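The sequence and the structure come first.

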Amino acid sequence: MDGNRVGIIGGSIAGCAAATVLRRAGCEVTVFERSAGVLRDRGHGVSLSGEARAELVDEDLIDADLPAWPITERSWFARDGDTPLGRLLWQQPFSGIVHNWGMLWANLRDRVPGTDYRDGVRVSGIEPADDGVTVHMDGAAAEHFDLVVGADGYRSSVRAAVDPVAEPTSAGYVLWRGGYPVAELPQPVPDVLHQQTVTIAFPGGHALVMITPGEGGSRIYWGVYHQPAEPLPSDVDHLSAADLPGLDALLSQHFPPYWADVVGRTPRDATVVHPVLDIQTSSYTAQRIALLGDAATLARPHTGSGAVKAVQDALALGRLRREHGDWATVLAEYDAARRPAGTALVDLGRRIGEAQVTGTPPWMSMSPDDFSAWIQSVLSGRRLYLYDTPR
Ligand SMILES: Cc1cc2nc3c(=O)[nH]c(=O)nc-3n(C[C@H](O)[C@H](O)[C@H](O)COP(=O)(O)OP(=O)(O)OC[C@H]3O[C@@H](n4cnc5c(N)ncnc54)[C@H](O)[C@@H]3O)c2cc1C
């Protein structure tokens, strides 16, 4: 049996889930998280399928009463003169359960004993060898582990030790995001936001609006995907709204009045915009290193998969450790089990991006049957129905 000391770099969704499942598999775990205190600002709403939520509850990774909103439909709107909500184009059957990112993380974090979780500690480098990995930290002595888990997100530095040439690929468009308490809306939310997510379709992009649970009450969460006139460099993580003007023009040009108002209520200094990227690696493992979550594969946010994939990566690693005493077998089977799932999500994100941002169809002339066939073709990877032919 190989040694059981595991160092986990990154204490977000992937890192906390990995810490719990590996500790339950008998490992002695240390998490290194460079941020001090509570992680809150990583996102707004996280959609899980009912199946994924049940799996997390069954595995005792989250509480059965973790607040969440079920979503049963996705309503597609487009601007139609002054009609407040716009024209309802299609009601898509949809099944998801929306969680608050910070609450989900806090639930996972609560299961990691404080002694196993060192926050405010940045890992400055790793030295891999065949029998383990030495981890260097800022301001502390180096430590040796039998396995290192790279759960350090999409800008992972651990990834370079596994796949030195893996690089982010820019999608060529951006995601604007914001949110605020539902109580700040001047009127009660329309019925269409109850148990539904709303998509606003426009040429060259779309927006989504939903209600998410929040600590002080429910919140509006919105995101707008759009291809800016000037592409952003892929090495930029975040910009402020002032760095990339253009959201107001999009709202006034393409949004039905009500949805323009909902999006426009987030103060501009609280609105973020970032380039949409994806990342694929040629392997999830090398020597005694395993990559998890966004460090392993980053799929575009349309897939709504980041948190679930991170937890499922962790569950797979924990299950394999319970089955095998040697890390070589665990890592080989982990790569074989999880890398194809990551690749499939990257491919799905690219198809959705092409269909809903870079090659949008003539939404306004599509019937519900057209929508249905179009979405099926996007999801299945078949050609884009009638809309892949230049008009
Ligand atoms: C800005 C942003 C917004 C997002 N919004 C949403 C959203 O609204 N909905 C949604 O479903 N998903 C969202 N995601 C994706 C989602 O957060 C991730 O997919 C999910 O958290 C799983 O990620 P992870 O744990 O693999 O990585 P992350 O959550 O990125 O965590 C990586 C962790 O590693 C730490 N770290 C990095 N380097 C070091 C180091 N050298 N030493 C120590 N610690 C280190 C970081 O501080 C971070 O806490 C967002 C991601 C980002 C970056």
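In this predicted model, helix α1 is made up of 12 residues and reaches 17 Å from its first C-alpha to its last, which is close to the 16 Å expected at 1.5 Å a residue. Just after α1, Gly26 adopts a positive phi of about 100°.

Helix α1 is mostly covered, since 10 of its 12 residues are buried; these buried residues are Ile13, Ala14, Gly15, Cys16, Ala17, Ala18, Ala19, Thr20, Val21 and Leu22. Among the elements that cover the buried residues of α1 are the strands β1, β2 and β10, together with the helices α3 and α7.

The packing of α1 (residues 13–24) with α3 (residues 101–110) is described by an angle of about 25° between the helices and by axes that lie 8 Å apart. Because angles under 35 degrees count as roughly parallel, α1 is roughly parallel to α3. The crossing of α1 and α3 is left-handed. On the α1 side of this contact stand Ile13, Cys16 and Ala17, which meet Trp105, Leu108 and Arg109 in α3.

| Covering element | Residues |
|---|---|
| β1 | residues 5–9 |
| β2 | residues 28–33 |
| β10 | residues 147–150 |
| α7 | residues 306–323 |

Conventions
Residues are numbered from 1 along each chain as its sequence is written. This is a predicted model: local features need pLDDT of at least 70, side-chain atom pairs count only at pLDDT 80 or more; totals for chains, interfaces and linings use all residues. Axes are lines fitted to C-alpha atoms, for helices over the stretch in contact, and angles run from 0 to 180 degrees between N-to-C directions. Helices (H or I, at least four residues) and strands (E, at least two) are DSSP runs, numbered from the N terminus. Angles under 35 degrees count as roughly parallel, over 145 as roughly antiparallel, 65 to 115 as roughly perpendicular and the rest as oblique. A crossing is left-handed if the near helix is turned anticlockwise from the far one by less than a right angle, and right-handed if clockwise. Two residues are in contact if their C-beta atoms, placed from the backbone, lie within 7 Å. The expected span of a helix is 1.5 Å times one less than its number of residues. A residue is buried if 20 or more other C-beta atoms lie within 10 Å of its own, exposed if 12 or fewer, and partly exposed in between; C-beta atoms are placed from the backbone.
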